[in-house]
Amino acid sequence: MRTRIKELRARYNLTQEGLAKKVGVRRETIVFLEQGKYNPSLRLAHDVAKALKSKIEDVFIF
Amino acid sequence: MKKQEDGKQQIIAVAAALLVLLSALIDARLSFALAIAGLFAVSFIMKDKLWRQAPFILASVLVAAVVVVVMNGQDALSAPGLVMGGLVGAAIIALALYRRKSGAVLNDERTIAIHNRSMAYSWWIAYLMIAILFWFDYSGYMKLTAIQFGGVLLFTMLISQALIKRYLLCRGDSE
């Protein structure tokens, strides 16, 4: 799975720590999400997409 | 709201520890039985939130254990295991309070999944250890007392869970 989290994060000037705080997870989880090494729950995917003002399918690419 | 809930649960944990302590005035065995029953009761009341309160409960019980020894008129220094337990308990309380105060997210969905997975693995390793120790004892290769048997299992579970958790945390997906 690929993600556009890093790109969208840069667009909205968000740090990994900032995004992690927004969605209520640890920074490490965001790191692994960005690397495509972690499959998030639907809830987390929704929260991340919402924090990045995007749709889930635009953030997570299968 | 969440803070209020946390406070309530901590009060329950402290009340349970106090009950154990008071029961020690009557009988040490009763206090031990109450401690075990209290742990089950608290885990039932807290349901899915036990994992957040577990260090606090454990620490309360450990500290209570030291006080029980002292109140029973025994020399606490003659029970180094309990004294050590009390110190570990106090350290756990301090660490839990410090981490909670820092406001960082300690457990998210990934760490909870990893924790559960490492627990499952450590149970499996402990099961293998039981089988190995049983056959060693049965074949007469080595004779173990119940205390030794329990001790080996206790440390096998603790150490294997910690190592597996560390390994899984370094890896990407917990699946």
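Biologist: Which way does H5(B) pass H6(B), left-handed or right-handed?
Modeller: H5(B) crosses H6(B) in a right-handed sense. Right-handed means that the near helix is turned clockwise from the far one by less than a right angle, left-handed anticlockwise. This is a predicted model: local features need pLDDT of at least 70, side-chain atom pairs count only at pLDDT 80 or more, and totals for chains, interfaces and linings use all residues. Residues are numbered from 1 along each chain as its sequence is written, with chains lettered from A and ligands numbered from 1 in the order in which they are written.

Biologist: At what angle do H5 and H6 of chain B pack?
Modeller: About 145°, with the axes 8 Å apart. Axes are lines fitted to C-alpha atoms, for helices over the stretch in contact, and angles run from 0 to 180 degrees between N-to-C directions. H5 covers residues 109-138 of chain B, and H6 covers residues 146-170.

Biologist: Which residues make that contact?
Modeller: From H5(B), they include B:Ile114, B:Tyr121, B:Ile125 and B:Met129. From H6(B), they include B:Phe149, B:Leu153, B:Met157 and B:Ile164. Contact means C-beta atoms, placed from the backbone, within 7 Å.

Biologist: What is the split by class in the contact of H5(B) with H6(B)?
Modeller: 15 nonpolar, six polar and two charged residues. Ala, Val, Leu, Ile, Met, Phe, Trp, Tyr, Cys and Pro count as nonpolar; Asp, Glu, Lys and Arg as charged; the others, Gly among them, as polar.

Biologist: How many helices and strands in chain B?
Modeller: Six helices and zero strands. These are DSSP runs, numbered from the N terminus: helices are H or I with at least four residues, strands E with at least two.

Biologist: What share of chain B is buried?
Modeller: 18% of its 175 residues. Buried means 20 or more other C-beta atoms, placed from the backbone, within 10 Å of the residue's own.

Biologist: Switching to chain A. What pattern does it follow?
Modeller: Chain A reads β-α-α-α-α-α-β along the sequence. Of its 62 residues, 27% are buried.

Biologist: Which residues have the most contacts inside the largest nonpolar core?
Modeller: A:Val23, A:Leu33 and A:Val48, in a core of 14 residues. A nonpolar core is a set of buried Ala, Val, Leu, Ile, Met, Phe, Trp, Tyr and Cys residues joined through C-beta atoms within 7 Å. Helices H2 (16-23), H3 (27-34) and H4 (42-51) of chain A each give two or more residues to this core.

Biologist: What does A:Val23 touch?
Modeller: A:Leu44, A:Asp47, A:Val48 and A:Ala51, leaving out residues up to four places away in sequence.

Key: Two residues are in contact if their C-beta atoms, placed from the backbone, lie within 7 Å. A residue is buried if 20 or more other C-beta atoms lie within 10 Å of its own, exposed if 12 or fewer, and partly exposed in between; C-beta atoms are placed from the backbone.
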